[in-house]
Amino acid sequence: MASTTRYDEADLEVFDYVIIGGGTAGLTLAARLTEDSAVQVAVLEAGEKRFDDPHINIPGLMNTLYSDENYDWNFKTTPQPGLNGRTLAWPRGKVLGGSSAINFMMVAHPSRVDLDNWEKLGNPGWNFDTLQPYYRKAETMNFPSDATAEALGTAIMDLVLHGASGPVQTSFTESPGELDKAWGRTFKTLGLGPGSDPRAGHTLGGYSLLKFMDKSARRSHAGVAFYEPNAARENLTVLTGAFVQKIEFDTVQDVVTATGVRYTIEGKEHVIRTRGEVILAAGTVQSPQILELSGIGDKKRLENLGIVSVLDNSNVGENLQDHTLAGIGYEAIDGVPTAEMIKQPGVLDWAINEWATKGLGPLSAGVTGTAFLSHDSLLSSEEKLSLESRLEEILSATPQPTSPGLKKQLDLQKKTLLNNKEADLQFNFGATGINPLAGNDISQLFNHNDAGGYAGIVPALTHAFSRGSIHIQSPDPSIHPIIDPKYLSHPIDVELMISGLLFTQKLSETAPLSTLLKDNPLGTGKIIQPSFHVEGRLTREKAEEIVRSSMITSFHPVGTCSMLPREEGGVVDDRLRVYGVKRLRIVDASVVPLIVRGNIASTVYASAERAADIIKEDRKAV
Ligand SMILES: Cc1cc2nc3c(=O)[nH]c(=O)nc-3n(C[C@H](O)[C@H](O)[C@H](O)COP(=O)(O)OP(=O)(O)OC[C@H]3O[C@@H](n4cnc5c(N)ncnc54)[C@H](O)[C@@H]3O)c2cc1C
C-alpha cells in the first residue's frame, strides 16, 4: 500500500506546479514554492516515505541501502571498455528525499572557478557570487563541541560562509577515532593544510568534513529537511508510490505546451493536470528518460522506438559527466578503531545503542575526511615535471571535440587542470577497508574478507574529461535506460586517477597517519589491504591495474539535460526552461552543464533554491 497524501483527490485538482520527483531538488522546490499559500503544488515520487528508517537515518548503515529496491533504483551501466569491460552499479535514491536519503552524507563545495564556468558557458547569472547565498539559505551548520573542534581542527570554519537557519542540517561527527583525527594533521605535515573554510571558493588541502546530519547524528535529507516541516501545508500534495510514465502536452499550431503528467500508482494509471508548469526533478538518469518517453529528444532515436516525436533535440541524454573513485585500504595497527570492529560479536548492538542514545559511536562516522588537491601538489618535483609534460602531451594528442559546445567545456577544463590553484583530485577518507570487487553492488563496498582493520584512502576525479550518455531503449517506462558513462575514455582521466592512487601511498607514509598504520615487514612501506594484491610498493603500472579493475562511480552524474545554449548542447536555458516547449522546466543535477569539484548535493540544493526564486519571479511577471 503506497503511503500517499490525497492521491485519490489529486486527479480532480488542477495544480500551479506539478513536480516530477520528490528528491533533493524536487522537495527543495516544493517547499519554497508553497511558501505562497495561493500556489498549489503537487509532487509525484515513485519511492515511499521512510523517515523513521534506521538504514537511512544511521550514517554507518548507508551500505545497507544499495541494491535494495526499497531505497535504490538499481541502475547499471553498460560494460565499460576502460574498466576491463566491467558493468557498474549506479545507485539512485528511490524514496521520498531521493538520492539525498541514500548518499554518503559528505558536504563539499565547488570552487569559484567551477561555478563561474557555468556562466562562461552561456548561462548569465549562474556564477559563484549568485549561488553562494543559496548554499547558505539551504543550510544550518551545527558547530562541533570544543573537544571535537580541537580534535578535528575545525577552526578554519567561517560562520559567515555557512547557513544558520536553513532546513538542511550539517554537523561533524562527535566520535572521531584516532584515524579520523590524524587525517587533517597529515596534510598539515605535508604543508597541505587548508588555509580557509572549504566554502571560501579557493580552498585546497585536507580536512575533516561536515556531514549532512543533525546534532544527534541523524541523516538530514531533503525529505526530513524540506518536506516534513511543511507536510501540513494545505497547498502541498505529495504522492508517494507514484511512478511517472510521461509528460502530457497540447500542441496548437506547432506550439507545444506541457499540461500534465501521466503516472501509475499501485498499477492504476492517472493523469495530474497543471494550469502552470510541469517541473522535471527526476535526477540525471530519469529526467532525460522521462523527456524521451514523452517525445522530447533525438527524433530518429525516438521514432525507432515507436515514440511520436514532440520536439527534436538530440542534446537530451548527452554530455553525461561523473566523478569516479578508486581507493586502497592500508592496515591499521592493532587497537586503532576501524569499521571492521563491527564484525566482532555484540559490537553492532552496542554501536546502534550509542548512536540512538547519544548520537555517538562508530555508526555516527562513515566518511570523515576529504582533501582537494591540484596535481601540482601530489608529487615530487621530478614526478611533477614528468606528469605535467605527459598532461600537455596527452592534451595535444587527444582528438579535439567536433561539437563547439563540448570544445568550450573542455577548453575551460584544460585551464582548470593547468591552474595549480584548482583541484584535480579529491581524496576521501574513512576508517574502513574497501572491497575492490564491489563495483557491481555498492552494498558490498565496505565488506571485505581481509583480516584486520583498515584506513581507506580514496582518490576521485574532480573534473572528468570523459563524456557519456543516457538514453531510453524502450517506450516502456519500467525498462531502465542505457547508461554509458564511457569512463576513462579520455586518457587524462586515467593519468590523474593513477597519480591519485600513488599519492595515497605517500599519505600512508606521512605522520601522524603513518604512525597508525602497519609497516610491511619487507621494509616496503605500509601494508596495503591484501585484496588489492600489491606486492612491494605501488607503481604506476600497478596503480593503473587497480584503477581499471576496481574504479567505480563516485555517484555524482550530471549534465544529461544541460543548461547551455541549445546550439552548444543545451536542453534548458538559463531559466531552466526546456527549449521549444512551454511550461516545462528541469531542476535537478541533470542541468549542471560542467561538473564541479567534490560531492554535489550541496550544489543541487543551492541550484534548486535559486531555481525557486527564478520560478517565483517568472510567476510574478506573467
Ligand atoms: C550512493 C550515493 C552516494 C552519494 N554521496 C554523496 C555525498 O556524500 N555527498 C554529496 O554531496 N552527494 C552525494 N551523492 C550525490 C547526490 O546525493 C545527488 O547528486 C543528488 O542528491 C541528486 O539530486 P537530484 O535532485 O538531482 O536527484 P534525486 O535526489 O535522486 O531525486 C530524483 C527523485 O526523482 C524520483 N523519480 C525518478 N524517476 C521517477 C519517476 N519516473 N516517477 C516518479 N519519481 C521518479 C526518484 O525516486 C528520486 O526521489 C551521492 C549519491 C549517491 C546515489
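Helices (H or I, at least four residues) and strands (E, at least two) are DSSP runs, numbered from the N terminus. The model is predicted: local features need pLDDT of at least 70, side-chain atom pairs count only at pLDDT 80 or more, and totals for chains, interfaces and linings use all residues. Residues are numbered from 1 along each chain as its sequence is written, and side-chain values use heavy atoms, with hydrogens and water left out.

**View 1. The cis peptide bond at proline 512.** Alanine 511 and proline 512 are joined by a cis peptide bond, with omega about 5°. Proline 512 sits in the loop between α14 (491-508) and α15 (540-550). Most peptide bonds are trans.

**View 2. The shell around the ligand.** The ligand is surrounded by 40 residues (a heavy atom within 4 Å counts as near). The closest are Thr24, Glu45, Ser99, Met106 and Ala601. The shell holds 23 nonpolar, 13 polar and four charged residues. Here Ala, Val, Leu, Ile, Met, Phe, Trp, Tyr, Cys and Pro count as nonpolar, Asp, Glu, Lys and Arg as charged, and the others, Gly among them, as polar.

View 3. Polar contacts are pairs of N or O atoms within 3.5 Å. A ligand oxygen is 3.0 Å from a polar backbone atom of alanine 25. For isoleucine 600, the distance from a polar backbone atom to a ligand oxygen is 3.3 Å. Taken alone, the ligand exposes 1,000 Å², and the protein buries 99% of that (Shrake-Rupley method, 1.4 Å probe). Elements giving two or more residues to the shell are α2 (24-33), β2 (41-45), β9 (242-252), α9 (283-293) and α16 (601-621).

**View 4. Strand β2 and its partner β1.** Five of the five residues of β2 are buried, so β2 is largely enclosed by the rest of the structure. Buried means under 20% relative accessible area (1.4 Å probe, protein chains only). Val41, Val43 and Glu45 point one way, Ala42 and Leu44 the other. Strand β1 (residues 14-20) pairs with β2 in the parallel sense over four bridges; pairing takes at least two DSSP bridges. Isoleucine 19 stands opposite valine 43.

**View 5. Positive phi at alanine 217 and asparagine 319.** Most residues other than glycine have a negative phi. Alanine 217 has a phi of about 65°. Alanine 217 lies in the loop between β7 (205-208) and α8 (222-227) and is buried, at 2% relative accessible area. Asparagine 319 has a phi near 60°. Its loop runs between β13 (311-312) and β14 (324-325). Asparagine 319 is buried too, at 12% relative accessibility.

Technical notes:
A polar contact is a pair of N or O atoms within 3.5 Å; within protein, one must be able to donate a hydrogen and the other to accept it, and residues adjacent in sequence count only if both atoms are side-chain atoms. Buried means under 20% relative accessible area, exposed over 50%, partly exposed in between (1.4 Å probe, protein chains only).
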